[in-house]
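Reader: I am new to this structure. Please show me how to read it.

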Amino acid sequence: MIDEQLILSGVNRKNEKAWKSLYEHYYAALCAYVNRILKGSESTEDLVQEVFIAIWKSDKKFDSLQDLTRYLYRACYETGFGEGGIHV
């Protein structure tokens, strides 16, 4: 279990320890989600990593861990299937 407020605060401040905890908490679930979308594509792990990197590089801030979770899943979907999706 992760401390939601601590993680959220750290993610918004680009704290590496918070990002590592977030990554470790969500990586497997996001990979499983992307794997279902892309039907077992070999690029699943790359796509999930790209999403984390893109969010890290962005100035996006999140009001709640739920918003962040929703954003992660939506970003994975858009990266895989969205307009200009490179992994379809």
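**Reading the helices**

Author: Helices here are DSSP runs of H or I with at least four residues, strands are E runs of at least two, and both are numbered from the N terminus. This is a predicted model, where local features need pLDDT of at least 70, side-chain atom pairs count only at pLDDT 80 or more, and totals for chains, interfaces and linings use all residues. Residues are numbered from 1 along each chain as its sequence is written, and side-chain values use heavy atoms, with hydrogens and water left out.

Reader: Is A54 buried, exposed or partly exposed?

Author: Buried means under 20% relative accessible area, exposed means over 50%, and partly exposed lies in between (1.4 Å probe, protein chains only). A54 has 44% relative accessibility, so A54 counts as partly exposed. Look also at A75. A54 and A75 are 21 residues apart along the chain, and their C-alpha atoms are separated by 9.3 Å.

Reader: How many helices and strands does the protein have?

Author: Four helices and zero strands. Along the sequence, the pattern reads α-α-α-α.

Reader: What share of the residues is buried?

Author: Of the 88 residues, 38% count as buried. Now take the surface. Accessible areas come from the Shrake-Rupley method with a 1.4 Å probe, and for residues only the protein chains shown count as cover. The accessible surface of the protein is about 5,700 Å², and carbon and sulfur atoms hold 50% of that.

Reader: What share of the contacts joins residues 24 or more positions apart?

Author: A contact means heavy atoms within 4.5 Å. Take the contacts with a separation of 6 or more: residues 24 or more positions apart account for 58% of them. Y73 gives an example. Y73 is in helix α4. Leaving aside neighbours within four places in sequence, Y73 is in contact with A29, L30 and Y33. Y73 is partly exposed, because its relative accessible area is 25%.

Reader: Where is the kink in helix α2 centred?

Author: The bend at a residue is the angle between axes fitted to the seven residues ending there and the seven starting there. Helix α2 covers residues 16-37, and its kink of about 45 degrees is centred on Y26.

Reader: What happens at the start of α2?

Author: Look for a polar contact. That is a pair of N or O atoms within 3.5 Å; within protein, one must be able to donate a hydrogen and the other to accept it, and residues adjacent in sequence count only if both atoms are side-chain atoms. Here a side-chain oxygen of N15 comes to within 3.0 Å of the backbone nitrogen of K17.

Reader: Which elements do the buried residues of α2 pack against?

Author: They pack against α1 (4-12), α3 (44-57) and α4 (65-81). The buried residues of α2 include W19, L22, Y26 and C31. In α1, the buried residues are I7, L8, G10, V11 and N12. Their cover includes α2 and α4.

Reader: How many residues are in the largest nonpolar core?

Author: A nonpolar core is a set of buried Ala, Val, Leu, Ile, Met, Phe, Trp, Tyr and Cys residues joined through side-chain atoms within 4.5 Å. The largest one has 23 residues, and L22, V48, F52 and L72 have the most contacts inside it. Two or more residues come from each of α1, α2, α3 and α4. Helix α2 gives the most, with eight residues. Now pick F52. Outside four places in sequence, F52 is in contact with W19, L22, Y23, Y26, L30 and L72.
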